[in-house]
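The following questions and answers show how terms are applied to a structure by setting values against definitions.

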Amino acid sequence: MLSVEGVEKFYKKGGLFARDIQHVLKNISFSCGDGECLGIIGESGSGKSTLGRLLLGIEQPARGTIRFDGANVMDRGARSGRISAVFQDYTSSMNPFFRVEEVIKEPLRLRKIGHQAVQDKIDQLLHQVGLNSTYRKKYPHELSGGEAQRVSLARAVATEPKLIVLDEAISSLDGSVQIQVLDLLRSLRQLYNMSYIFITHDIQAAAYLCDSVLIIRDGQIEEMAKIEQLKNVQSAYAKKLLRMIMT
Ligand SMILES: Nc1ncnc2c1ncn2[C@@H]1O[C@H](COP(=O)(O)OP(=O)(O)OP(=O)(O)O)[C@@H](O)[C@H]1O
């Protein structure tokens, strides 16, 4: 289980030597149970990606703690292979000189798995994300956006993590491809019994995939709602976000 308690984050505004400090995350506390999918939604600049980086242990909170199954996510050993990430910018998150098979096997390099087992695993992962073995030899620039995000997902599940943080993972895909990837996310989650933190500005996509959503505004939690109770949200901001679906 992911447990976030009293997290605060500040950035210097306008570069390293600037004096102004921006309070980007304010007293963020929530939890995400095993196998649960929690959406984090909010407008641009509300702090969603910053929170995502803290959950992944890429950056450290100024105050508060983030624990996964009891261990601090800043402890690399504790999160290694158990938490993975998929970002919006799939082209830059893959090494352009790596073929698809190398991209997928990269997270497995620390595991003591024999050569043939790795090869079988690559084929199995490609199959699970709806790609055949001919994709093994392709380079990232030879893939469509949807195919590249499928490869990113294959890599993300390679170590059979318990949690994947998805930051705007479908946002740059076309509408119909978005639905395909959302469906793939649903089936992978069932297959591996994983939790998702699904960061998005798209409340509709969150409603399709998630069990509950955390609405974040200006670095603060505005509201948390179960998907089936989404229409009953209380705050004006949450209502505004919901109205944006209708239009
Ligand atoms: N590394 C950084 N250094 C300084 N300021 C930052 C840094 N990262 C983010 N910020 C600032 O923190 C605020 C929150 O940014 P963040 O990217 O977390 O928001 P977001 O909700 O993910 O936005 P978007 O949906 O546009 O990606 C913004 O004002 C941003 O300019």
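Q: Why is Leu 184 called partly exposed?
A: A residue is buried if 20 or more other C-beta atoms, placed from the backbone, lie within 10 Å of its own, exposed if 12 or fewer do, and partly exposed in between. Leu 184 has 18 other C-beta atoms within 10 Å, and therefore it is partly exposed. This is a predicted model, in which local features need pLDDT of at least 70, side-chain atom pairs count only at pLDDT 80 or more, and totals for chains, interfaces and linings use all residues. Residues are numbered from 1 along each chain as its sequence is written.

Q: Which residues does Leu 184 touch, not counting residues up to four places away in sequence?
A: Two residues are in contact if their C-beta atoms, placed from the backbone, lie within 7 Å. With those sequence neighbours left out, Leu 184 touches Val 129, Gly 130, Arg 150 and Leu 153.

Q: In which helix does Leu 184 lie?
A: Leu 184 lies in helix H6. Helices (H or I, at least four residues) and strands (E, at least two) are DSSP runs, numbered from the N terminus.

Q: How do you know that the span of helix H6 agrees with its number of residues?
A: The expected span of a helix is 1.5 Å times one less than its number of residues. For the 18 residues of H6 (residues 175–192) this should give 26 Å, and the end C-alpha atoms are 26 Å apart, so the two agree.

Q: Which residues of H6 are buried, and what puts them on the same side?
A: The buried residues of H6 are Gln 178, Val 181 and Leu 185. They cover an arc of only 65 degrees around the axis, and therefore lie on the same side of H6; the arc is that of the directions from the helix axis to the C-beta atoms. An α-helix has 3.6 residues a turn, so residues three or four places apart point the same way. On the other side of H6, Ser 176, Ser 187, Gln 190 and Leu 191 are exposed.

Q: What covers the buried residues of H6?
A: The cover includes helix H5 (145–157), strand E8 (195–200) and helix H7 (203–209).

Q: How many helices and strands does the chain have, and what makes it as compact as a globular protein of its length?
A: The chain has eight helices and ten strands. Its radius of gyration is 18 Å, close to the 18 Å that the globule rule gives for 247 residues, so the chain is as compact as a globular protein of that length. The radius is taken over C-alpha atoms, and the rule is 2.2 Å times the number of residues to the power 0.38.
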